[in-house]
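My notes follow in the order in which I took them.

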Amino acid sequence: MNLFDQISEDIKKAMLAREKVRLEALRGVKKEFLEAKTAKGANGELSDEMATKILVKMVKQRKESAKIYEENNRPELAENELAEAAVIEEYLPKQLSEEELENELKKIIAEVGAEGPKDMGKVMGIATKQLAGRAEGKVISAKVKQLLG
């Protein structure tokens, strides 16, 4: 079962269980998936890779919104955004531990033959593709800087 079908099934389960936050989050995900499927140039299909990119983007948006709500003294709204982000994160691949991330990045650095900070762009290009959904871009970037620095 692909991610799109999984989300559709889980929407039904959330409706039956009357889980409001989960239902809202999953409906938002399904909306994004449908938009991606019907976007100009799309062939009506949604690969799990593309779906994962959408999920990562949605989690990031929710977390940024929560931060803004916190700054504006609206904790109840921030709480809702974080709850939705948690629901969406359930559909992402397992996040890499710091040690696993470092090992993956060392392999990529060796593949590319990167020797210093000037090669960061080469490493980041490959790393962000290979590790999409399994680690945040900021975390990857910081670790690459540390390894090349």
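I looked up the largest pocket first, and its volume is about 490 Å³. The model is a predicted one: local features need pLDDT of at least 70, side-chain atom pairs count only at pLDDT 80 or more, and totals for chains, interfaces and linings use all residues. Residues are numbered from 1 along each chain as its sequence is written, and side-chain values use heavy atoms, with hydrogens and water left out.

I noted the terms: a pocket is an open set of points on a 1 Å grid over the protein atoms alone, where a 1.4 Å probe fits, with protein on both sides within 12 Å along at least five of seven lines; lining residues have an atom within 4 Å of a point. The points are joined across faces, edges and corners, and the volume is the space filled by probe spheres set on them.

I found 18 lining residues, with Val-56, Lys-60, Ala-135, Glu-136 and Gly-137 the closest to the centre. Helix α3 gives the most to the lining, five residues; α3 and α7 (137-148) each supply at least two. Helices here are DSSP runs (H or I, at least four residues), numbered from the N terminus.

Cores. I then checked the largest nonpolar core, which has 22 residues; Ile-7, Val-29, Phe-33, Leu-55 and Ile-88 touch the most other members. Such a core is a set of buried Ala, Val, Leu, Ile, Met, Phe, Trp, Tyr and Cys residues joined through side-chain atoms within 4.5 Å. Buried means under 20% relative accessible area, exposed over 50%, with a 1.4 Å probe and protein chains only. In this core, α2 gives the most, with six residues. Another core, of 14 residues, lies apart from it and includes Ile-108 and Leu-148.

Aromatic pair. I found one aromatic pair in the structure. The ring centres of Phe-4 and Phe-33 are 6.3 Å apart and the planes are at 35°, so the pair is tilted. The cut-offs: centres within 6.5 Å; planes under 30 degrees apart are stacked, over 60 edge-to-face, the rest tilted. Phe-4 is in α1 (residues 3-17) and Phe-33 in α2 (residues 20-38), so the pair ties together parts 29 residues apart in sequence. Phe-4 is buried at 13% relative accessible area, and Phe-33 is buried at 0%.

Loops. I logged Arg-18, in the loop between α1 and α2, with a positive phi of about 55° although it is not a glycine. Arg-18 is exposed, at 75% relative accessible area.

Technical notes. Phe/Tyr/Trp six-rings, centres within 6.5 Å; stacked < 30°, edge-to-face > 60°.
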